[in-house]
Amino acid sequence: GGGFGGAPGEPCVPVPGHGAGLSHRPPGMARQGSGAMLASGGLGFPPQNLARVVVWEWLNEHGRWRPYSAAVCHHIENVLKEDARGSVVLGQVDVQLAPYVIDLQSMHQFRQDTGTMRPVRRNFYDPSSAPGKGIVWEWENDNNSWTPYDMDICITIQNAYEKQHPWLDLSSLGFCYLIYFSSMSQMNRQTQRKRRLRRRMDLAYPLTMGSIPKSQSWPVGTSTGTPCSCPQCLLVNSTRAASNAILASQRRKLYPGAIRQSSTFTGGALWPAGTGTAAVAGGTTKGEGLRVPGGAFAPSQSVPNGAPLPGLNNLNRPGTQRGAGLGTRATVPPGVPALPVKNLNGTGPVHPALAGMTGILMCAAGLPVCLTRAPKPILHPPPVSKSDIKPVPGVNGICRKTKKKHLKKSKTPEDVVRRYIQKVKNPPDEDCTICMERLVTSSGYEGVLSHRGIKPELVGKLGKCGHMYHLLCLLAMYNNGNKDGSLQCPTCKAIYGEKTGTQPPGKMEFHLIPHSLPGYTDSKTIRIVYDIPTGIQGPEHPNPGKKFTARGFPRHCYLPDNEKGRKVLKLLIVAWDRRLIFTIGTSNTTGESDTVVWNEIHHKTEFGSNLTGHGYPDPNYLDNVLAELLAQGVSEATLKD
């Protein structure tokens with residue numbers, strides 16, 4: 001699931017005070033015919049006798065309905081036609097969804113390895129809308145991969161795109177974003193952060209005819225409209241979903257003459273295949289995972305008519321082979337996914353019971369259950385005594401603290417802007433990419449910002465990069481930022497002056513520990529520890545006066561103790577002093593808003609492995625982070641100053 005990082009996911013908060021810059025919609029964007037403003041209101045269903053597009057959606061932890069892909073929706077619809085009260089194994093069409101099962105009777109998605117349950121719904125849209133045409137709009141997240149928008153947003157973007165609107169304001173849908181089709185980008189109206197977006201063609205979603213069936217949002221018997229969340233009901237519902245999935249597997253004719261390898265598991269396991277201890281029925285060991293074959297055969301195997309299926313009649317049945325094979329090695333068929341039961345050492349009664357119950361049900365259904373160890377990331381080094389912790393050679397001190405900087409008020413915004421630009425007498429007939437009006441016309445901020453000496457038609461060229469903007473637009477951009485005396489070109493990101501950020505107060509520690517990182521066996525390790533407490537947002541933050549959270553602190557990060565690693569550390573200290581390492585925003589992993597998040601300078605938080613992508617070995621990391629620091633205006637030249 002996860003949240004939207006810097007894309008739709010933050011509530012649209014009215015910004016106090018008009019004329020405060022880009023937090024307020026530029027007046028040029030409200031002009032007739034220049035863009036699309038959305039009328040509030042939901043998406044109406046088409047008439048009953050027309051075809052409708054079906055999109056299955058699941059409810060994430062932030063109350064937003066997220067669409068399944070078109071391929072998954074076709075699969076669900078096909079199962080629905082056969083058995084409206086059955087179960088859908090999502091891994092059969094998408095190997096990444098191997099742990100998930102939808103129980104059509106209770107309309108819930110069930111994750112087999114953790115026991116997590118989420119409501120699902122069958123939603124309907126017009127066949128002429130984006131899902132009916134197979135059009136998907138996506139935004140680029142912090143991992144440089146693409147995330148699809150919620151379906152109502154996707155449809156809205158496509159409608160504006162088809163009508164050739166140059167831009168789209170999503171505020172009436174509750175999101176503080178502007179979509180620019182010319183640059184295919186999305187801009188946060190409060191922070192001005194831009195992300196790329198893209199439009200791609202995919203499979204069209206399935207069509208259906210006839211009346212809309214009665215909603216099945218929650219299990220029968222609940223009168224409040226919300227599911228009961230007591231441990232007993234969760235266990236019953238989860239177990240029912242698991243047993244339905246098993247019965248559905250049996251119904252798929254896993255019998256002689258009709259052997260068909262499930263496509264769930266083609267393409268390899270979720271974790272490396274291997275061998276493990278043979279399972280006693282329903283038994284699991286702490287830290288172990290379940291391997292559940294989708295069928296008893298590899299894709300290349302075939303079974304002659306009438307031949308019994310090995311393993312389906314006696315393997316792991318309760319009461320048979322109890323204890324047999326403990327201590328022996330069992331071969332796991334190729335292509336079988338590992339489903340790690342993560343919560344066996346948890347304190348709650350639900351998940352351990354569920355894991356055991358799932359195992360028992362699968363064994364009872366005659367499905368082979370093998371145990372394997374799912375690899376765990378090695379986040380921290382072995383314990384280090386205080387006497388073994390040393391200062392980093394060539395780096396002064398072991399700790400930096402930051403407090404809220406009181407911004408220097410000596411220079412007016414006009415002085416700052418004029419310092420970095422040269423006036424252009426005859427501007428070209430091009431767009432000002434801040435207000436989207438032509439440079440030869442007045443700034444879109446005319447009438448919103450009025451400053452003596454700065455006429456709305458004045459155009460300036462930035463000294464280093466040469467990009468041109470209305471002076472009034474640059475002034476609006478500066479007023480909407482950190483007002484720290486620096487300016488950043490919105491086109492090429494060139495920095496003028498010393499850029500500072502909005503990182504909350506905290507502490508940065510750094511020292512040497514006597515352990516080596518993977519890929520750097522000849523070097524010791526630099527450990528950085530960041531600690532930021534919760535607090536109240538300041539005027540430079542998204543919601544001044546509101547509390548912000550600080551999850552996961554102290555955060556431990558690691559660098560190799562070599563020449564380049566020490567250089568990166570020195571530059572990170574500069575970035576910390578300039579309040580650039582963290583900011584307050586919306587978490588890309590949890591979707592929580594008003595929380596401390598990383599600020600586009602990647603750190604390695606996994607010490608002894610690279611399972612999450614935030615560890616070692618990673619031969620390009622040091623060069624990549626140097627480039628990210630440079631993009632924030634922190635270069636080697638700053639160390640010589």
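Two strands pair if DSSP finds at least two bridges between them. Helices (H or I, at least four residues) and strands (E, at least two) are DSSP runs, numbered from the N terminus. This is a predicted model, in which local features need pLDDT of at least 70, side-chain atom pairs count only at pLDDT 80 or more, and totals for chains, interfaces and linings use all residues. Residues are numbered from 1 along each chain as its sequence is written, and side-chain values use heavy atoms, with hydrogens and water left out.

Start with the whole chain. The protein chain has 10 helices and 32 strands. Of its 641 residues, 47% are buried. Buried means under 20% relative accessible area, exposed means over 50%, and partly exposed lies in between (1.4 Å probe, protein chains only). The accessible surface of the protein chain comes to about 30500 Å². Carbon and sulfur atoms hold 53% of that surface. Such areas come from the Shrake-Rupley method with a 1.4 Å probe; for residues, only the protein chains shown count as cover. Now take contacts, meaning heavy atoms within 4.5 Å. Among contacts with a separation of 6 or more, 69% join residues 24 or more positions apart.

Next, look at one sheet. Strands of a sheet pair through backbone hydrogen bonds, either parallel or antiparallel. Here 3 strands form an open sheet in the order β21-β22-β23, and the pairing is antiparallel. β21 (421-424) and β23 (468-470) stand at the edges. Each has a single partner strand, so one side of each is left without a neighbour in the sheet. From one strand to the next, the twist averages 40 degrees. Between β21 and β22 (residues 459-462) there are 4 bridges.

Helix α6 (residues 413-420) touches β21 and β22, and its direction makes about 80 degrees with that of β21. Helix α7 (residues 471-480) touches β21, β22 and β23; its direction makes about 85 degrees with that of β23. Axes are lines fitted to C-alpha atoms, for helices over the stretch in contact, and angles run from 0 to 180 degrees between N-to-C directions.

Now the backbone. Most residues other than glycine have a negative phi, and most peptide bonds are trans. Methionine 184 has a positive phi, near 45 degrees. Find methionine 184 in the loop between β11 (177-180) and β12 (185-188). Methionine 184 is partly exposed, at 24% relative accessible area. Beyond its neighbours within four places in sequence, its contacts include Trp137, Leu197 and Arg199. Arginine 199 is 15 residues away from methionine 184 in sequence, yet their C-alpha atoms are 8.8 Å apart.

Arginine 579 also has a positive phi, of about 65 degrees. Its place is the loop between α8 (563-577) and β31 (582-585). Arginine 579 is buried, at 4% relative accessibility.

Cis peptide bonds come next. One joins phenylalanine 553 and proline 554, with omega about 0 degrees. Proline 554 sits in the loop between β29 (547-548) and β30 (555-560). Another joins tyrosine 616 and proline 617, with omega about 5 degrees. Proline 617 is in the loop between β32 (595-598) and α9 (621-631).

Finish with the cysteines. The structure holds 0 disulfides. A disulfide is a pair of cysteine sulfur atoms within 2.5 Å. For cysteine 465, the closest cysteine sulfur is in cysteine 492, 3.7 Å away, too far for a bond. Cysteine 465 is partly exposed, at 27%, whereas cysteine 154 is buried, at 3%.
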